[in-house]
Amino acid sequence: MTLYPNQNISRAVYEDPDGRFWVIVDNEGVGELDVHSGEIAMLRDRHPEIAFHKLDYDFYPVDDHIFAAYGENGIYYYNTRTDKVFIPETDDPGNPKFAGADIRYYCIFKDTRGLEWFGTEQGIRIWDDSKKKAYIINAGNGLSNNSISAILEDDRGEYWVSTVNGIAKIEMKETTGGYDFSLVNYSTNDGLQSGKFYDRSSLKACNGDLYFGGHHGVNRLNPGNVHYNKRKNKPLFTAFRLYNRQIRENVEYNGRIILEKPINNTAGIRLNHSENFIAFEFAGLNYVNPSHTYYRYKLENYDLEWNEILTSGVGTASYTGLPPGKYKLIVYTANNDRVWGDEAAEMSVVITPPFWATVYAYVFYTVLLVAVLFFLFIFLQKRKKKKQSLREAREREKRKEELDQMKFRFFTNISHEFRTPLTLIMTPLSTLIRQLNDETLKQKLTSIYRNAENMLSLINQLLDFRKLEMGGEKLKLSFDDFIRFSGYVYASFKEIAANKSISFDFDNRELQLFIWFDKEKMRKILNNLYSNALKFTPAEGYVTTGIYLTEENGRQFVKFTVTDTGCGISEKEQQTIFERFFQSENNAPDKVGSGIGLHMVKEYIELHEGKITVNSKPGEGSTFSVYIPADLKGKEDVTPLSRASEENGMQQKPDRKTLLIVEDNAEFRHFLAEQLSQQFNVLEAPDGKEGEETAKRKYPDLIISDLMMPGPDGLELCRRLKNDIQTSHIPIILLTARLSDKAKIESYKAGADSYIAKPFNFEVLQTRIEMLIEQQEKRRKLFHKAIDVQPGSITTTSLDEEFIKKTLQLIERNISNPDYSNDDLSRDLGMSRSCLYPKFQSITGQTPNHFIRSIRLKHAAQLLQASQHTVSEISWKVGINDIKYFNKYFKEEFGVTPTQYRKGNTNT
């Protein structure tokens, strides 16, 4: 044969059934040998995936055409007929048959049962192909060493396994679920040679003898001549340790004796709950070979499985942290041939619980728990009853509230129903009074009108009460002379007092007393107190008013008292007199009220952070005292309304809308100015001529005018302003006592935006003003949103529509001219800049310059939508030559850049 370099060492040779020879070459792996030429064809050349198998030990024939090569790098299978290689760790890594990657295989043996035994560096792996189940035997199961050298089966079906330091006998018993294995190890003490047994150095002779080769020779073993130690021993306890300290008999530990007898004569041990780290030592009395003594032990009530150990003589069972309880340690022993004894050594162990875990303690806990549950039950029952009581109280309160709400709704509905016929009575009545010349009849009608006014006042009081109860009332503070204001209210009741022959006095210690207060609510407070005082005071009695400053708790108050000599109030009723719907039991039939007046008085006073008290004796009279803080502050400083009747009315505030009131009746004009000044800047004019001049000079946002006035009346004033380009955009509301359809038609023909007949509800006027201003704002917003501006949609008169239309034509004609400004537009329209500015501001909310720029940008937006011009070209076409400013203005106008606008709005 020809010898090839590095192929002169062969570890194993295998001839397959086809007569082909396979050899293992050191550091080369497996190859096919040509016996004629001596050439070796290496498998790794055809199968690079096995190139890492450089040091294989032997062949294992599987069948006629498959063998396994195993060694230092694991195992693989080769099919000689199909030339296929199977590597378990890569081709089937989850297969339980194999030990895994990079595991050394020293030997493989197939027994008479068909089981495959794999000897590895990690012990023995037994594969049952019929059940697809693997068994593992290693040092953890009793082997003396995990490195397996050879495996043989004797004639009795027992297995003999050589390792690096001995031989083990393995007995196998078949069970329902598979097999159980038991081991006996043999060493030099049993007559074996010392040192290592060689890999795969084993032989079973024809006579049944087993041969194992090792470092110091060969051991021959005849399994039939092996004499086994069949003696069955009973173990013996030799020592007891507590916290690793040996406890001896009659020796104190923690102040007491635990062992009174030697441990081997003790049946049980009793320990405290803290003495729970214990260990027992025991001996198996194996005198033949003490170094191979087996023990099996279990602590009942603690261990779930038996614990098995192999020792050189003495065994130990240790337990740490045992909880209190009763235990029994049971120990069996087996001799060197693993023959188990029938008798066990037993030791009972009792660990007593701490006092808090004793039976008495648990009885106490049970009693305590029952007591707690009992008292908890009592507590829950009481809480349940309390909740029930609260629920019933809430139900009563709810029913009371529902009844009150029914009263509220009734009062509100009936009040609204009364207002309509009452208005129909008062309006023509006031007209008749003005037209009559018969003084006698006029006085009678005036008395009727005054009582109608009183009825209207009561109705308004009911509505105010409803609003107050719904939480809709807020203070509207004004800075004024409280003494002067109170005097006005006092004066309105002087005639009533005189008619009833009641002495009516007003006593004020201060000449003036300027404070912040809500005039409307204070008027209602004083009206109610005076009405009650005069109602319940008989003829020849007196009602006295007192006003002076006082101090309580470091805070200054204005004290207002109303004292009468009426019927008085009992002490019991004084506690409830301010509750809503309260009715006195002593009221005469003709003096029964609604029961809401004093309740409203109290609520209004509390809104002012004040208080009201009553001091009364039945039959002697009553004194009601009202305390109003003198240090209340409004949101901003305002000139007192009583001093604000200059030519142009109230102090102007730039962030408010401006109203012009044109009314020849000074008292009514001042009343309107006073009410509206809380929300608007107010201008006043006593007649039509001055109203027209003020409108052209001040450009108000809205005009309120009386219809009947000296000089130009309301119709003429409206006609002149609506036909003047400077003022045509201003909304006008006409007030009149004329109710005919003809008067309405004339008003609307004159250009009026609204028509309100007297007498009217002030809230109606206020709402109409707000709606006209809101419509004006909506038209301005419509101009801002619209790309294609329609003049008719942002104006209210034909004159304004023509004005905007002409303006748009002028701007569009000069749209590409960047120098076209508001001066040019003013000149082309024939209007001064001072007139042009308020005109544009009112219609569009913009200055003329801003309006011109806005039209340029709207035209640019139309071009972006409909044309293919670039942004720069469009910028030039609309007269904005700087592309930077064009982008800036366009984004301010539309919220996006021109490019973004085109992407979102291009017509497809």
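**Pockets, cavities and helix contacts**

Strand β16 gives the largest share of the lining of the second largest pocket, six residues. This is a predicted model, in which local features need pLDDT of at least 70 and side-chain atom pairs count only at pLDDT 80 or more, while totals for chains, interfaces and linings use all residues. Residues are numbered from 1 along each chain as its sequence is written, and side-chain values use heavy atoms, with hydrogens and water left out.

A word on terms. Strands (E, at least two residues) and helices (H or I, at least four) are DSSP runs, numbered from the N terminus. On a 1 Å grid over the protein atoms alone, a pocket is an open set of points with protein on both sides within 12 Å along at least five of seven lines, and a cavity is a set where a 1.4 Å probe fits but cannot get out; lining residues have an atom within 4 Å of a point. A volume is the space filled by probe spheres set on the points, which are joined across faces, edges and corners.

Back to the pocket. Its volume is about 660 Å³. Of the 24 residues that line the second largest pocket, Phe181, Ser182, Leu183, Glu308 and Arg338 lie nearest its centre. Two or more lining residues come from each of β12 (133-137), β15 (166-174), β16 (179-186), β26 (293-300) and β27 (307-311). By class, the lining has 13 nonpolar, four polar and seven charged residues. Here Ala, Val, Leu, Ile, Met, Phe, Trp, Tyr, Cys and Pro count as nonpolar, Asp, Glu, Lys and Arg as charged, and the others, Gly among them, as polar.

How many cavities of 30 Å³ or more does a search of the whole structure find? It finds two. The second largest cavity holds about 30 Å³ of space. Its lining consists of Glu28, Gly29, Val30, Leu43, Arg44, Ile50, His53 and Tyr76. Four of the lining residues are nonpolar, two polar and two charged.

Now the helices. Axes are lines fitted to C-alpha atoms, for helices over the stretch in contact, and angles run from 0 to 180 degrees between N-to-C directions. Contact means heavy atoms within 4.5 Å.

Helix α5 (residues 482-491) packs on helix α7 (residues 519-536) at about 45 degrees, and their axes are 10 Å apart. The two are therefore oblique; angles under 35 degrees count as roughly parallel, over 145 as roughly antiparallel, 65 to 115 as roughly perpendicular and the rest as oblique. On the α5 side the contact includes Phe482 and Tyr490, and on the α7 side Met522 and Tyr530. In this contact of α5 with α7, seven residues are nonpolar, two polar and three charged.

Helix α7 also packs on helix α9 (residues 597-607), at an angle of about 145 degrees and with the axes 9 Å apart. This crossing of α7 and α9 is left-handed. Among the residues that meet are Ile525 and Leu529 in α7 and Val601 and Ile605 in α9.

A further pair is α18 (residues 848-866) and α21 (residues 898-905), packed at about 50 degrees with axes 9 Å apart. α18 and α21 are therefore oblique, and their crossing is right-handed.

Last, the loop. Where is Pro710 placed? Pro710 is in the loop between β40 (702-706) and α12 (714-722). Leaving out residues up to four places away in sequence, Pro710 touches Asp664, Asp687 and Gly688. Pro710 and Asp687 are 23 residues apart in sequence, and their C-alpha atoms are 6.4 Å apart.

Technical notes. A crossing is left-handed if the near helix is turned anticlockwise from the far one by less than a right angle, and right-handed if clockwise.
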